[in-house]
Every structure is written in C-alpha cells, then in structure tokens.
Amino acid sequence: MTRILVIPGSARRGSLNAALAYAAVQSVQKAGGEPTLVNLRDLALPIYDGDLEAKEGPPEKAREFKALLGEYQGVFISSPEYNSSVAPLLKNTLDWVTRVRAKGETGLEVYKSRVFAISGASPGYYGAMRSLLHLRQILEIGIGAPVIPQQIALPRAMDAFDTDGSLKDKGQQELCKTVVEALAIAAKKFAA
Ligand SMILES: Cc1cc2nc3c(=O)[nH]c(=O)nc-3n(C[C@H](O)[C@H](O)[C@H](O)COP(=O)(O)O)c2cc1C
C-alpha cells in the first residue's frame with residue numbers, strides 16, 4: 001500500500017488549502033492508499049535564522065519532520081498563494097528540513113528519494129497557480145525533488161467544497177483523483 005504524506009501549506013482555521021488537502025486524503029483512501037495529514041503549526045518552527053542554526057543546529061521539530069517525510073513514498077502539498085508566491089509557513093518548513101544533515105548528507109536526500117505532487121487553492125481566479133510555479137521551481141530545481149506534472153490549481157475555492165469536504169465540481173473531483181493516482185503510481189515506481 002502506498003503511503004502518502006499530505007501537507008497543507010496553511011495551518012489557518014478554515015484554510016482553503018487544508019480543505020484541498022482533505023479532499024486529497026479522501027482521494028488517496030478511495031484509491032486504496034494510506035494517507036497521513038499533518039498540520040505544520042504543530043512544528044512551531046522559528047523563521048530560519050543562520051545564527052540560531054550555528055548556535056543550536058536545526059530545531060528538533062525539523063529533525064522529526066524530516067524523519068516523518070522519510071516514512072512516506074509520496075508527498076502531496078497544497079500551497080496557498082501569497083503575493084504570487086509560496087507562503088512563508090511552507091517555505092520555512094521546506095528550508096529547515098534541507099538544513100537537517102546526518103554525517104555526509106547534503107540534507108536534500110529525503111526530498112530526492114520520494115515523489116511529490118503539488119496543488120493549490122485560492123479565492124482568486126488563478127487558483128494559486130503562481131505559487132505552484134514557484135513551488136515546482138523550489139522542489140525540482142532548488143532541491144532536486146521529483147514532482148509529477150499533474151496538479152490542481154483550484155480557483156474560487158471558498159465555493160468549491162461540499163459540507164462533507166468533497167469537491168463539488170465533477171471535473172475538479174476527477175482532477176483530484178488523477179493527481180492522487182498519478183502520485184501513487186510514480187511513488188510506487190520510484191520506491192521499487
Ligand atoms: C499576504 C497575503 C498575500 C496574498 N496574495 C495572494 C495572491 O497573490 N494571489 C491569490 O490568489 N491570493 C492571495 N492571497 C489570498 C489567499 O489566497 C487567501 O488568503 C487564501 O485563503 C490563503 O490560503 P488558506 O485559505 O489555505 O489559508 C493573499 C493573502 C495574504 C494573507
């Protein structure tokens with residue numbers, strides 16, 4: 001069974017990206033995979049600070065989160081869009097994890113050795129598409145992580161979900177299923 005870690009890039013109560021992450025969790029379950037949903041607020045990571053790192057090393061929670069990532073073959077991230085880019089909560093978490101290094105590691109291994117899918121939700125008409133362009137660049141070019149081409153950019157997301165958390169629109173439901181299934185297939189192949 002493919003294990004998928006689902007990471008909403010927003011910890012806000014009522015977050016549209018948490019809602020999208022939940023829809024992805026439902027799709028993973030329907031596809032027979034095993035999803036785990038995390039809340040980045042629980043990590044309570046400080047903003048990356050080189051002086052802090054030099055003094056104390058990366059926070060314990062960043063170490064724990066890296067270890068958690070290492071337990072999953074696939075990772076689904078839903079990314080909010082702030083001023084046409086990735087929100088600081090998500091970027092800061094990704095950054096800290098790259099600074100957790102065992103002896104001889106570059107810190108990027110945990111990203112390079114599993115497969116990612118990215119998606120985003122926004123109240124606007126672009127559906128966080130510009131944050132996805134940046135997130136893909138960060139993961140693929142900055143970190144060297146494999147990211148599948150399929151993604152969801154969910155516009156007008158405040159109207160997109162039913163009371164049970166599923167996506168209202170059939171086309172969006174199908175897209176969510178497509179993304180999750182493609183992630184599971186790629187993750188399985190990659191792990192083999
Ligand atoms: C600082 C800031 C900048 C934002 N910039 C954008 C933007 O560039 N594009 C957009 O579609 N929405 C933008 N928004 C609105 C967010 O998409 C909206 O707050 C969304 O609900 C955030 O995601 P969440 O619901 O998962 O927390 C911005 C919000 C904030 C707080």
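The legends below describe close-up views of a predicted model.

**View 1**
The shell around the ligand holds 13 residues, of which S10, R12, S15, N83 and S122 come nearest. R12 places a polar side-chain atom 2.7 Å from an oxygen atom of the ligand. The side chain of S122 has an N or O atom 2.7 Å from an oxygen atom of the ligand.

**View 2. The loop at S84.**
S84 is found in the loop that runs between β4 and β5 (85-86). Most residues other than glycine have a negative phi. For S84, phi is near 65°, a positive value in a residue that is not glycine. S84 counts as partly exposed because its relative accessibility is 29%, which falls between the limits of 20% for buried and 50% for exposed.

**View 3. The loop at A128.**
A128 sits in the loop between β6 (115-121) and α6 (129-143). Its phi is positive, about 65°, although A128 is not a glycine. A128 has a relative accessible area of 0% and is therefore buried.

**View 4. The largest cavity.**
The structure holds 1 cavity of 30 Å³ or more. About 60 Å³ of space lies in the largest cavity. Its lining is made up of I7, L40, F65, L69, I77, L90, T93, L94, Y111 and F116. Helices α3 (60-69) and α4 (88-98) each supply at least two residues of this lining. The element that gives the most is α4, with 3 residues. By class, the lining of the largest cavity has 9 nonpolar residues, 1 polar residue and no charged residues.

**View 5. The largest pocket.**
The space in the largest pocket comes to about 180 Å³. The residues that line the pocket are A23, Q26, S27, K30, A31, S166, L167, Q173, C176, K177 and E181. At least two residues of the lining come from each of α1 and α7 (170-191). The lining of the largest pocket divides into 4 nonpolar, 4 polar and 3 charged residues.

**View 6. K30 and E181 in the pocket lining.**
Both K30 and E181 are among the residues that line the largest pocket. K30 lies in helix α1. K30 counts as exposed because its relative accessibility is 78%, and the limit for exposed is over 50%. Along the chain K30 and E181 are 151 residues apart, while their C-alpha atoms are 9.8 Å apart in space.

**View 7. The contact between E53 and R99.**
E53 is found in helix α2, which spans residues 50-56. The side chain of E53 makes a polar contact of 2.9 Å with the side chain of R99. E53 counts as buried because its relative accessibility is 15%, and buried means under 20%.

**View 8. A187 in helix α7.**
A187 lies in helix α7. With a relative accessible area of 1%, A187 is buried. R41 is 146 residues from A187 along the chain, and the C-alpha atoms of the two are separated by 26 Å.

Technical notes:
Residues are numbered from 1 along each chain as its sequence is written. This is a predicted model: local features need pLDDT of at least 70, side-chain atom pairs count only at pLDDT 80 or more; totals for chains, interfaces and linings use all residues. Side-chain values use heavy atoms; hydrogens and water are left out. On a 1 Å grid over the protein atoms alone, a cavity is a set of points where a 1.4 Å probe fits but cannot get out, and a pocket is an open set with protein on both sides within 12 Å along at least five of seven lines; lining residues have an atom within 4 Å of a point. Grid points are joined across faces, edges and corners, and a volume is the space filled by probe spheres set on the points. Helices (H or I, at least four residues) and strands (E, at least two) are DSSP runs, numbered from the N terminus. Ala, Val, Leu, Ile, Met, Phe, Trp, Tyr, Cys and Pro count as nonpolar, Asp, Glu, Lys and Arg as charged, and the others, Gly among them, as polar. A residue is near a molecule or strand if one of its heavy atoms lies within 4 Å of it. A polar contact is a pair of N or O atoms within 3.5 Å; within protein, one must be able to donate a hydrogen and the other to accept it, and residues adjacent in sequence count only if both atoms are side-chain atoms. Buried means under 20% relative accessible area, exposed over 50%, partly exposed in between (1.4 Å probe, protein chains only).
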